[in-house]
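Me: Can you walk me through this one? I have the sequence and the model open, and I'd like to go piece by piece.

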Amino acid sequence: MEADGLWKTFNIPSFVSDQILADALQLKHLKSIEAAGILVDLCEFSEDYITNWMLPLALWISSHCQDSTRSIVGIAAPAGSGKTVFSELLKLCINAAMGSEVCSIMGMDAYHRLNEDLERNGLKSQKGAPITFDAEAFVSDLERIKTQRDLFLPVYDRKLHDPRPNAVHLASQCRVVIVEGLFILYDQPPFDKVSQKLDLSIYLEIDPTECQRRVVERKVLGGRSREDAVAHYQNIDHSNHLLIEKGKHRANLILHLEDGIITQVQMNR
């Protein structure tokens, strides 16, 4: 990684107000953030990484925000990519860059169809595939984010392994919504309508072997046998990875991650 991080990539002068830098560096004192029900130690991210990589990314996003309407930033990536942790850290940096709590996260996992519906339709073993998501409801809520100032959104409960409706409050002061998920840039109907609602989109690229390792470990920790976890990854998650990767050319920005850290950057448009 270059010493200047993303400052040059986004053509942002590498000096910002002392207050923005101070707020960004305060993230280290939070010690941990919760992502997908797991506490992640912020000590994993160096001060240099936060100030020279995540902060300029946050400033680039904030420069595209309009005062008159909410901005929606899509984070697309396969399972096991670390997109949830990335999104949580980005949210904190956007808040630091914009000087207040103006950023929220909306997870596409919250639009999984209920397990009882999947079982009734013989789709439980395919959970995670495009057919097991309620894409119409997802697109509808993206439209609501743009048109309604105060609203409630669902969240995926990783203890119940099911969505919970109206669990997240999107307050009127929220100006940026990070939407993270698998099929943000998928080009098949009805998912193709998702990218039309985005102001910016980012694709996170990561080695498929690392994705498999993370997903399998996560499922084993959740109580599944390793054999079952590996089989599910090969049958569902690997196929999803190939589908999701085909849409990366539609992203404004491609970030290659290694061990959760940005190592390469590609601007598409």
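**Salt bridges, cores and rings**

Reply: Let's start with one residue, keeping in mind that this is a predicted model. Arg158 has a relative accessibility of 34%, so Arg158 counts as partly exposed.

Me: Which residue does Arg158 form a salt bridge with?

Reply: Arg158 pairs with Asp109, and the closest N and O atoms are 2.7 Å apart. Asp109 sits in the loop between strand E4 (103-107) and helix H4 (115-120), while Arg158 sits in the loop between strand E5 (151-157) and strand E6 (162-170), so the pair ties together parts 49 residues apart in sequence.

Me: How many salt bridges does the count come to?

Reply: The count comes to 13. One of them joins the side chains of Asp157 and Arg164, at 3.0 Å from N to O.

Me: Asp157 and Arg164: buried or partly exposed?

Reply: Asp157 is buried, because its relative accessible area is 14% and the cut-off for buried is under 20%. Arg164 has 37%, so Arg164 is partly exposed.

Me: What about Arg224 and Asp228?

Reply: Their side chains also meet in a salt bridge, 2.8 Å from N to O. Arg224 is partly exposed at 31% relative accessibility, and Asp228 is partly exposed at 35%. There is also a network of salt bridges that links Glu210, Arg213 and Arg214.

Me: Changing topic. Which residues touch the most other members in the largest nonpolar core?

Reply: That core has 37 residues, and the ones touching the most other members are Met106, Phe138, Leu142, Ile145, Val179, Phe183 and Ile184. Two or more residues each come from strand E3 (71-76), helix H5 (135-147), E5, strand E7 (176-181), helix H6 (208-221) and helix H7 (226-245). H5 gives the most, with 5 residues.

Me: What is Val179 in contact with, leaving aside its neighbours within four places in sequence?

Reply: Val179 is in contact with Ile72, Val73, Gly74, Ile75, Met106, Phe138, Leu142 and Ile184. Apart from this core lies another one, of 36 residues, including Trp53, Phe86, Ala97 and Ile261.

Me: Where does H7 bend?

Reply: H7 bends at Tyr233, by about 40°.

Me: And which residues of H7 are buried?

Reply: They are Ala229, His232, Tyr233, Ile236, Asp237, Asn240, His241 and Ile244. An α-helix has 3.6 residues a turn, so residues three or four places apart point the same way. The buried residues of H7 pack against strand E8 (200-205) and H6.

Me: Now the rings. How many aromatic pairs does a search of the whole structure find?

Reply: The search finds 7. In one of them, the rings of Phe183 and Tyr186 have centres 5.5 Å apart and planes at 50°, so the pair is tilted. Phe183 and Phe191 form another tilted pair, with 5.4 Å between centres and 55° between planes.

Me: Which residues form the aromatic cluster?

Reply: Phe133, Phe183, Tyr186 and Phe191 form one cluster. Phe183 counts as buried at 1% relative accessibility, and Phe191 counts as buried at 3%. Tyr186 is buried as well.

Me: Last bit, the whole protein. How many helices and strands?

Reply: There are 7 helices and 10 strands. The protein has 269 residues, and 49% of them count as buried. Among contacts between residues at least 6 apart in sequence, 69% join residues at least 24 apart.

How values were computed
Residues numbered from 1 in each chain as written. Predicted model: local features only at pLDDT ≥ 70, side-chain atom pairs only at ≥ 80, totals over all residues. Heavy atoms only, no water. Salt bridge = Lys/Arg side-chain N within 4 Å of Asp/Glu carboxyl O. Helix = DSSP H or I, 4+ residues; strand = E, 2+ residues; numbered from the N terminus. Buried < 20%, exposed > 50% of the residue type's maximum accessible area, 1.4 Å probe, protein only. Core = buried A, V, L, I, M, F, W, Y, C linked by side-chain atoms within 4.5 Å. Contact = heavy atoms within 4.5 Å. Bend = angle between axes of the 7 residues up to and from the residue. Phe/Tyr/Trp six-rings, centres within 6.5 Å; stacked < 30°, edge-to-face > 60°.
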